[in-house]
Amino acid sequence: MQYAPTDKIEMTYGQFPYIRGRRLRTSASMRNMVAEHHLKTADFIAPVFVMEGENKKLEIPSMPDYYRYTLDRLLDEVGELQEVGIRSVLIFAKVPDEKKDNKGTEALNPDGLMQRTVSAIKEEFPEILVMTDVAMDPYSSYGHDGIVKDGEILNDESVEVLAKMAVSHAEAGVDMVAPSDMMDGRIGAMRKALDEAGFKHTGIMAYSAKYASSYYGPFRDALDSAPGFGDKKTYQMDPRNVKEGIKEARLDEQEGADIVMVKPGLPYMDVIRAVKENVSVPVSVYNVSGEYAMIKAASAKGWLNEEEAMMEALVGFKRAGADLIATYFAKQASKLLNKQ
Ligand code: PBG
């Protein structure tokens with residue numbers, strides 16, 4: 001984006017007291033009139049957690065006011081999300097330990113929880129865009145995003161499973177798959193597998209610049225998906241890098257991603273901007289569990305104003321260049337926007 005150079009402004013208008021920036025901040029109406037960025041409910045993607053069972057809703061201890069639902073109760077929740085104006089959900093399934101193995105076999109079960117959830121939401125709420133997390137970690141006995149062999153996370157073998165997972169979700173009726181694994185070449189493999197299976201219109205939102213972040217902690221509690229050994233640094237990105245994020249996003253765009261994502265959000269605002277300027281597809285950001293937990297915890301202590309801190313963070317993503325925001329604040333923020 002090109003901003004007007006200040007020397008030009010000085011030449012045209014002179015200086016203080018003629019220039020007074022505060023004129024544009026005198027009233028709420030004035031501030032609203034000149035605001036450069038706006039949030040709307042359609043910007044949000046609401047992540048949802050589903051678990052096996054019936055008629056249960058469990059709060060996630062490290063994510064206050066956020067719940068894991070059984071499918072029946074999740075449908076009520078999706079109804080509420082639709083009611084406040086949210087148009088898309090991103091599904092994560094909690095897999096019981098006995099169904100986990102090294103190859104993520106359960107992920108391909110046509111009657112698996114993820115597949116059943118997709119079909120049920122599409123049937124009851126045809127206008128809701130359904131996205132699914134495509135990654136092996138919730139299904140992996142090692143809690144890793146790929147098949148493990150001798151302590152290594154295998155790339156190409158894992159990509160084969162991920163491509164099959166994408167097709168399985170497409171068969172269940174998903175609108176977009178969202179691979180969050182960071183294996184090399186998975187977007188191209190998924191696009192090819194989806195097309196060959198006849199799912200030419202099933203989209204891909206790629207987690208392209210996904211960093212090895214400590215801010216995923218609460219999410220791993222929610223899904224019980226923390227890595228059993230080591231960390232994810234051989235596949236998720238190094239927080240010290242930004243050019244690498246551009247490279248990953250551009251590769252994913254070339255391989256056929258319809259949307260690229262930067263994740264986490266708040267510590268990576270510069271990456272959002274850099275990616276936005278280097279791709280032609282929409283850019284989404286994932287305002288992750290740890291960022292949610294920080295605002296919730298500090299607000300609970302009375303150290304932050306929760307609503308203000310939330311809205312400031314969310315509009316910050318738009319300012320940085322994000323088109324879409326996946327956030328656990330989706331419902332709360334939408335309710336607030338509807339009041340304005
Ligand atoms: C797993 C996945 C993670 C998140 C989304 N998908 C965790 C991880 O990579 O370990 C994190 C989301 C969050 O923290 O809100 N593939």
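Reader: In which loop is the place of Asp224?

Author: Glad you asked! Asp224 sits in the loop between helix 7 (217-223) and helix 8 (243-255). Helices are DSSP runs of H or I with at least four residues, strands are E runs with at least two, and both are numbered from the N terminus. The model is predicted: local features need pLDDT of at least 70, side-chain atom pairs count only at pLDDT 80 or more, and totals for chains, interfaces and linings use all residues. Residues are numbered from 1 along each chain as its sequence is written, and side-chain values use heavy atoms, with hydrogens and water left out.

Reader: Why does Asp224 count as partly exposed?

Author: Its relative accessibility is 37%. Buried means under 20% relative accessible area, exposed means over 50%, and partly exposed is in between, with a 1.4 Å probe and protein chains only. The 37% lies in between, so Asp224 is partly exposed. Asp224 also has a positive phi, near 55°, in a residue other than glycine.

Reader: What is the distance of Lys263 from a nitrogen atom of the ligand?

Author: A polar side-chain atom of Lys263 is 3.4 Å from that nitrogen. A polar contact is a pair of N or O atoms within 3.5 Å; within protein, one must be able to donate a hydrogen and the other to accept it, and residues adjacent in sequence count only if both atoms are side-chain atoms. At 3.4 Å, the Lys263 pair qualifies. Arg220 has a side-chain N or O atom 2.7 Å from a ligand oxygen, and Ser180 has one 2.8 Å from a ligand nitrogen. The protein covers 100% of the 400 Å² of accessible area that the ligand has on its own; such areas come from the Shrake-Rupley method with a 1.4 Å probe, and for residues only the protein chains shown count as cover.

Reader: Why is helix 10 described as largely enclosed?

Author: Nine of its twelve residues are buried, so the rest of the structure largely encloses helix 10. Among the buried ones are Ser289, Tyr292 and Lys296.

Reader: One more: which peptide bond from Phe16 is cis?

Author: The bond from Phe16 to Pro17, with omega near 10°. Pro17 is in the loop between helix 1 (6-13) and helix 2.
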